[in-house]
Amino acid sequence: MIRQVFLIKNPGMYTLIQDGGRIGFRHYGVPVSGAVDKKALNQANYLVYNSKDCPCLEILSTGIELLALDDCYIAFTGALATILVDQQVVNSFQTLLIKSGQTIIVKALKSGLRTYLGVHGGFVSDILMGSASVDERILIGSRLKRDDILTTNEPLTNLSIRTIKRPVYDNHYRVIIGPDKHKFSPKEIKKFFNNSYKVTAKLSRMGINLKGNKIEHIDGADVLSHPVIFGSIQILANGQPIILLADGQTTGGYAVIGNICDDDLYKLGQVKTGDLITFSKIKG
Amino acid sequence: MKVTCEYAKMGSNHVFVRFSHVIDKLINQQIRQVYQTLITKQPLGFIEAYFAYGSLTVQFDLTITTYKAMKKAISLIISDTTITKVTSGNEVIIPVTYNNETGLDLDYASDYLKLSKDEIIDIHSSGQYLVYMIGFLPGFCYLGGLDKRIHIPRKKTPRLIVPKGSVGIAASQTGVYPLDSPGGWQIIGRTNLKLYKPYDKSPFLILPGDKVRFIKK
């Protein structure tokens with residue numbers, strides 16, 4: 001049973017449907033996509049009694065305004081946001097019962113960049129190559145627009161309220177060195193781990209360009225194009241790092257100094273321009 | 001043919017295998033074969049695999065298996081895969097409009113290569129190319145086997161938007177941009193053939209191992 005749950009009064013800066021990602025298509029050059037902050041996605045789904053990778057809204061920054069068309073259970077996770085329901089501040093990281101006719105606004109962010117909104121039953125969306133995740137760059141789906149209507153296919157049932165703790169979002173990342181270790185001297189690798197890097201304005205779901213102490217390559221930045229993953233850290237020809245994210249390309253020709261360990265990837269979803277990032281080496 | 005592979009842990013849950021640092025037809029064929037075996041055999045904890053010219057990556061489920069176990073499963077498949085000759089898949093014909101309007105860099109290439117535009121077009125459209133890999137963009141095929149006479153370095157500053165369908169050359173490679181995208185290859189023509197149709201049942205026209213020919217429209 002399809003239920004209309006929200007009317008988009010204002011889509012905000014950039015709001016996308018995202019789920020656990022597109023598995024099994026990187027062979028065709030299709031990025032994994034999916035929520036950048038997967039922990040927030042999983043938490044939102046937990047709070048509304050969904051399976052962990054159900055489609056949620058990934059809300060960049062603020063401004064989104066939704067009108068509830070029916071009663072529903074929802075939850076906000078991710079960024080530390082001021083969220084108003086009919087002008088009243090409500091808690092994130094907790095199940096909320098929304099009544100038909102209420103207005104929800106993501107007003108301000110105290111910390112982080114992306115807020116996740118989950119609804120009981122998940123948002124109904126086109127599934128393409130196994131995922132509801134939107135990636136406009138590769139012509140899969142589109143961002144939310146004014147007057148869009150969001151639906152779910154779960155009837156309203158009584159749910160008890162759940163709460164969950166907000167995870168730690170420090171900007172420290174554990175890195176497993178390789179596979180292009182041969183392109184860097186031990187001195188340069190040490191330099192990479194001993195310095196902090198500033199997040200530039202070049203920041204998207206594809207990658208985060210950093211600026212800091214230049215890392216020198218041995219014999220140029222290029223390697224024979226090889227697979228890269230969400231969390232790969234390439235050192236560009238100018239000596240600056242870029243961290244590839246969920247919509248990053250599947251193969252790349254810049255030397256990869258290392259890859260961020262899986263447990264730390266979620267934090268990348270909350271990184272903002274101007275943040276300072278540090279790395280440490282782990283064996284993995 | 002036996003190759004010595006180098007293994008690396010890529011993040012927490014990918015095994016990276018490097019077969020070669022250079023483009024080699026036989027090694028690439030071996031990688032494609034190893035990929036086929038991997039997706040057929042699906043070793044315990046296998047999630048997905050993808051590859052490039054000389055390397056392959058396998059994602060595994062950390063809750064079911066370990067890096068060590070997956071590495072072992074892959075290495076067994078690799079040692080069982082011996083290639084003696086290159087075999088290929090389908091042949092795909094790509095009709096191309098080569099002119100100054102579509103071939104944004106034809107003039108530059110003509111200067112650089114000291115060949116007339118017609119010579120470049122004739123050389124490009126008379127070759128048969130092997131699809132080594134797909135990467136960078138959905139359906140972006142890296143085609144090898146470009147005639148040495150038209151090897152040209154990629155642009156120093158990439159274009160912000162290379163139009164969809166553009167046919168490019170760079171070093172020993174040629175390829176087609178399936179989408180509007182930033183890109184640094186030298187553009188010599190354009191095709192209307194759609195290499196990537198995300199809403200179709202089969203979204204990809206060309207697969208690794210296929211042969212491609214370009215014909216003048």
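How many salt bridges does the rule count over all chains? The count comes to 23. Keep in mind that this is a predicted model. Some notes from going through it:

1. Start with one salt bridge inside chain A. A:Asp70 pairs with A:Arg3, and their closest N and O atoms sit 3.0 Å apart. A:Asp70 is in the loop between strand E4 (64-68) and strand E5 (72-85) of chain A, while A:Arg3 belongs to strand E1 (residues 3-11) of chain A, so this pair ties together parts that are 67 residues apart in sequence.

2. Next, the barrel in chain A. Seven strands close up in the order E10-E17-E14-E15-E12-E11-E18, with mixed pairing. On average, neighbouring strands of this sheet are turned by 40° against each other, direction ignored.

3. Strand E14 (residues 232-235) of chain A runs antiparallel to strand E15 (residues 241-244) of chain A, and three bridges join them.

4. H2 lies across several strands of chain A: E10 (172-177), E11 (197-203), E14, E15, E17 (256-260) and E18 (276-282). Against E18(A), the helix runs at about 130°.

5. On to the interface between chains A and B. Here 37 residues of chain A are in contact with 43 residues of chain B. The two chains bury about 3200 Å² between them, and 62% of that is on carbon and sulfur atoms. Three residues, A:Arg26, A:His27 and A:Leu224, supply 22% of the area that chain A buries against chain B, more than any other three residues.

6. What about polar pairings across that interface? The rule finds two salt bridges between chain A and chain B. A:Arg26 forms a salt bridge with B:Glu48, the closest N and O atoms being 3.1 Å apart.

7. Finally, which elements give two or more residues to the side of chain A that touches chain B? They are E10, strand E13 (222-227) and E17 of chain A. E13(A) gives the largest share, four residues. By type, the residues on this side of chain A divide into 19 nonpolar, 13 polar and five charged.

Methods:
Residues numbered from 1 in each chain as written. Chains lettered and ligands numbered in written order. Predicted model: local features only at pLDDT ≥ 70, side-chain atom pairs only at ≥ 80, totals over all residues. Heavy atoms only, no water. Pairing = 2+ DSSP bridges. Axes fitted to C-alpha atoms, helices over the stretch in contact; angles between N-to-C directions. Contact = heavy atoms within 4.5 Å. Buried area = accessible area lost by both parts, 1.4 Å probe. Salt bridge = Lys/Arg side-chain N within 4 Å of Asp/Glu carboxyl O. Nonpolar A, V, L, I, M, F, W, Y, C, P; charged D, E, K, R; others polar.
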